Amino acid sequence: MYKLKYEAPGAIELGKRVKELLMGEGGMKRVDEDKNRGLDHGAWVPLMLMYPEADIPVCQLSVQSSQSGTYHYNMGKALAPLKDEGVLIIGSGSATHNLRKLDFNITNGSAVPWALAFDHWLRDSLLQGRAAGKQESIRQTAGSCLVRPARFNQRKRQLCATMS
């Protein structure tokens, strides 16, 4: 994977808008920017398949592993206005993405109990429109933001990709 390149242009103005929404409607006191880090594989692998020419500007957000699922759900709600601005929001990665707990000895395709429990919590939370009950920290189980896909405005051609 390190040999593959996906050099999409950055979406600087979109990044500023995302920060504005997160600090405004999202109520976040701080949103850090890292202008030196490239795209994570959780963002560029699906984008490479969707847009192989890498000609669409991308703004990447990271999951905050020390925060709860509710925090990330609210983050998605704060970014909802982007859908009316022609931004495609992609939540990439797996619903559960904890490589430290991954059991490579399971070869029959069955889910480990902690991953299945989180999948059920995620399904119930999405169906209810809010975080359902108590759940182990997202640091232990999840790798994806809870965001809704938005319409994509071909004229603006910009993406906001979340990654695990």
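Along the sequence, the chain runs in the order α-α-β-α-β-α-α-β. That pattern comprises five helices and three strands. The model is predicted. The chain has 164 residues, and 36% of them count as buried. Its accessible surface comes to about 10400 Å². Carbon and sulfur atoms account for 51% of that surface. Among contacts between residues at least 6 apart in sequence, 79% join residues at least 24 apart.

Helix 1 was examined in more detail. The helix covers residues 12-23, 12 residues in total. At 1.5 Å a residue, helix 1 should span 16 Å, and its end C-alpha atoms are 17 Å apart, which agrees. Four names make up its buried set: Leu14, Val18, Leu21 and Leu22. These residues cover an arc of only 95° around the axis, so they sit on the same side of helix 1. An α-helix has 3.6 residues a turn, so residues three or four places apart point the same way. Ile12, Glu13 and Lys16 lie on the other side of helix 1, where they are exposed.

Nonpolar packing was considered next. In soluble globular proteins, nonpolar side chains tend to be buried together. Here, the largest nonpolar core has 15 residues. Leu14, Val18, Leu22, Leu79 and Leu82 have the most contacts inside this core. At least two of the core residues come from each of helix 1, strand 1 and helix 3. Helix 1 gives the most, with four residues. Leu82 illustrates the packing. Beyond its neighbours within four places in sequence, Leu82 is in contact with Leu14, Arg17, Val18, Leu21, Val87 and Ile89. Another core, of 10 residues, lies apart from the largest one. Its members include Trp44, Leu47, Ala54 and Leu88.

Ala54 is found in the loop between helix 2 (41-50) and strand 1 (58-62). With a relative accessible area of 13%, Ala54 falls under the 20% cut-off and therefore counts as buried.

His72 belongs to helix 3, which covers residues 69-79. Its relative accessibility is 1%, so His72 counts as buried. The side chain of His72 reaches the backbone oxygen of Ser68 at 2.9 Å.

How values were computed: Residues are numbered from 1 along each chain as its sequence is written. This is a predicted model: local features need pLDDT of at least 70, side-chain atom pairs count only at pLDDT 80 or more; totals for chains, interfaces and linings use all residues. Side-chain values use heavy atoms; hydrogens and water are left out. Buried means under 20% relative accessible area, exposed over 50%, partly exposed in between (1.4 Å probe, protein chains only). A polar contact is a pair of N or O atoms within 3.5 Å; within protein, one must be able to donate a hydrogen and the other to accept it, and residues adjacent in sequence count only if both atoms are side-chain atoms. The expected span of a helix is 1.5 Å times one less than its number of residues. The arc is that of the directions from the helix axis to the C-beta atoms. Contact means heavy atoms within 4.5 Å. Accessible areas come from the Shrake-Rupley method with a 1.4 Å probe; for residues, only the protein chains shown count as cover. A nonpolar core is a set of buried Ala, Val, Leu, Ile, Met, Phe, Trp, Tyr and Cys residues joined through side-chain atoms within 4.5 Å.
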